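Me: I would like to learn to read this model feature by feature. Can you take me through it?

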Amino acid sequence: EFRRSFHQSLCRSVNFHLLGIHKTLIFSLRFRSKIDPSVFLHLFEFFPINHSIKPREKKKKKNSQEAMDLQPEELQFLTIPQLLQESISIKKRSPRTFYLITLSLIFPLSFAILAHSLFTQPILAKLDSSDPPNSDRSRHDWTVLLIFQFCYLIFLFAFSLLSTAAVVFTVASLYTGKPVSFSSTISAIPKVFKRLLFTFLWVALLMFAYNAVFFVFLVILLVALDLNSVGLAVIAGIVISVLYFGVHVYFTALWHLGSVISVLEPVYGIAAMRKAYELLKGKAKMAMVLVFVYLLTCGLIGGAFGSVVVHGGGKFGTLTRTLVGGLLVGVLVMVNLVGLLVQSVFYYVCKSYHHQNIDKTALYDHLGGYLGEYVPLKSNIQLEDI
């Protein structure tokens with residue numbers, strides 16, 4: 001009897017308190033007044049809190065723009081697969097920025113590389129027709145072809161330098177912990193582009209000399225084949241192979257590393273090429289393997305595009321050629337993006353190999369100079385050799 005009466009009185013007391021809280025909430029909502037938390041404290045007598053239960057902590061969301069977790073002393077030991085893995089993981093730190101860079105710069109570059117043959121092939125077919133070489137029609141076709149090739153080369157080199165500037169600047173900003181955005185990258189490109197252009201002009205002079213030598217031995221090879229001179233043909237073939245697989249690949253690696261140096265250090269032009277030559281010592285084999293694989297992959301993609309899309313009209317339908325062409329353009333876009341990321345990370349690998357530390361504060365200020373920020377008068381990006 002006592003327990004029943006106690007239980008009933010307890011239930012009435014709880015209902016009374018709950019009804020009071022309900023009226024308090026309605027009053028607060030109706031008149032938009034703040035609720036005093038003390039009105040709920042008297043409930044703790046009936047519903048004690050178990051303090052041993054800790055509230056669930058929210059996991060901290062990883063900032064995608066935080067500084068890169070690159071250990072300078074460990075970078076020199078990276079193998080080629082590890083370098084590729086590290087480079088691919090960089091775009092996850094600021095996916096929106098890299099997505100916009102890819103869409104606005106790398107995609108037009110990749111599309112132009114493959115699609116230019118679609119426009120030149122009909123002109124070349126006209127030139128191979130039965131029209132006399134000195135006719136007005138042939139001269140007109142040659143003029144159109146030369147103008148198109150000139151505009152294509154300007155577009156190719158411009159977007160190549162713009163893509164390099166955007167990716168190298170973004171990767172360096174992530175490395176120093178600088179806030180990354182597509183707008184800041186685009187704002188920095190004009191000043192970076194000038195430095196890359198000077199470096200490219202020096203590379204163009206070196207490549208002109210290389211191409212002259214290459215052309216001379218190519219003529220010697222053709223003459224030897226015409227004269228059935230086996231010994232001369234073999235010598236010319238060996239020299240041409242060494243020039244392409246050795247000198248050409250090395251010059252390309254030198255150019256790529258010099259481009260990164262032109263962005264990240266206060267040197268450009270021939271000085272950047274000299275610095276790239278010094279940094280490549282000890283890592284030249286690795287750089288040449290990376291460049292050779294990149295050129296081979298681009299060559300295979302271009303060959304497949306030419307055989308299926310450009311010259312495959314009689315074997316493949318329009319839908320098949322369109323789908324294959326779109327797929328190959330997408331693959332080339334990814335290859336170019338990964339290539340630019342590898343190019344950027346390889347610079348830090350070479351610096352680590354030569355035990356040259358990088359002052360992140362000075363590099364941070366150097367990158368800020370491209371955005372018009374204040375740059376201290378004394379800003380030495382490279383510290384003394386350890």
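Me: Is E278 buried, partly exposed or exposed?

Reply: This is a predicted model, and local features are read only where pLDDT is at least 70. For burial, look at relative accessible area: under 20% is buried, over 50% is exposed. E278 has 40%, so E278 is partly exposed. Its salt-bridge partner is K281, at 3.2 Å from N to O. K281 is also partly exposed, at 41%.

Me: How many salt bridges does the structure hold?

Reply: Three. Look for a Lys or Arg side-chain nitrogen within 4 Å of an Asp or Glu carboxyl oxygen. Then check whether the pairs share residues. Here E265, K275 and K351 are linked in a network.

Me: Which parts does the pair of E265 and K275 tie together?

Reply: Place each partner on its element before judging the link. The closest N and O atoms of E265 and K275 are 2.7 Å apart. E265 is in the loop between helix 7 and helix 8 (270-280), and K275 is in helix 8, so the bridge ties parts ten residues apart in sequence. E265 also pairs with K351, at 3.3 Å between the closest N and O atoms. K351 is in helix 10, so this second bridge ties parts 86 residues apart in sequence.

Me: Are E265, K275 and K351 buried or exposed?

Reply: Read each one separately. E265 is buried, at 4% relative accessible area. K275 counts as buried at 17%. K351 is buried too, at 1%.

Me: What is the secondary structure of the chain?

Reply: Count the elements, then read their order. The chain has eleven helices and zero strands. Next, ask how far apart in sequence the contacts reach. Among contacts between residues at least 6 apart, 77% join residues at least 24 apart.

Me: Which residues does UniProt list as "transmembrane region"?

Reply: Treat a record as a record, then compare it with the model. The unreviewed UniProt entry lists 98-124, 144-175, 196-224, 230-251, 287-311 and 323-350. Take two of these spans. Residues 144-175 are 100% helix, with end C-alpha atoms 46 Å apart. Residues 230-251 are also 100% helix, and their end C-alpha atoms lie 30 Å apart.

Me: What covers the buried residues of helix 11?

Reply: List the buried residues, then look for their neighbours. In helix 11 (residues 360-370), A362, L363, D365, H366, L367, G368 and Y370 are buried. The cover includes helix 5 (136-176), helix 6, helix 7 and helix 10 (318-353).

Me: What is S259 in contact with?

Reply: Set aside sequence neighbours within four places. S259 then contacts T164, L196 and Q343. S259 sits in helix 7 and is buried, at 4% relative accessible area.

Me: Which residues form a nonpolar patch on the surface?

Reply: Look for accessible nonpolar side chains that group together. Here they are F215, L218, V219, L222, V223, L225 and L227, with about 650 Å² of accessible area together. L227 is in the loop between helix 6 (182-226) and helix 7 (230-264). L227 counts as exposed, at 59% relative accessibility.

Terms used
Residues are numbered from 1 along each chain as its sequence is written. This is a predicted model: local features need pLDDT of at least 70, side-chain atom pairs count only at pLDDT 80 or more; totals for chains, interfaces and linings use all residues. Side-chain values use heavy atoms; hydrogens and water are left out. UniProt positions are given in the numbering used here, feature names are shortened, and annotations may be inferred rather than shown by experiment. Helices (H or I, at least four residues) and strands (E, at least two) are DSSP runs, numbered from the N terminus. Patches are made of residues with over 30% relative accessible area and no salt bridge: like charges are joined within 9 Å, nonpolar side chains (Val, Leu, Ile, Met, Phe, Trp, Tyr) within 5 Å. Accessible areas come from the Shrake-Rupley method with a 1.4 Å probe; for residues, only the protein chains shown count as cover. Buried means under 20% relative accessible area, exposed over 50%, partly exposed in between (1.4 Å probe, protein chains only). Contact means heavy atoms within 4.5 Å.
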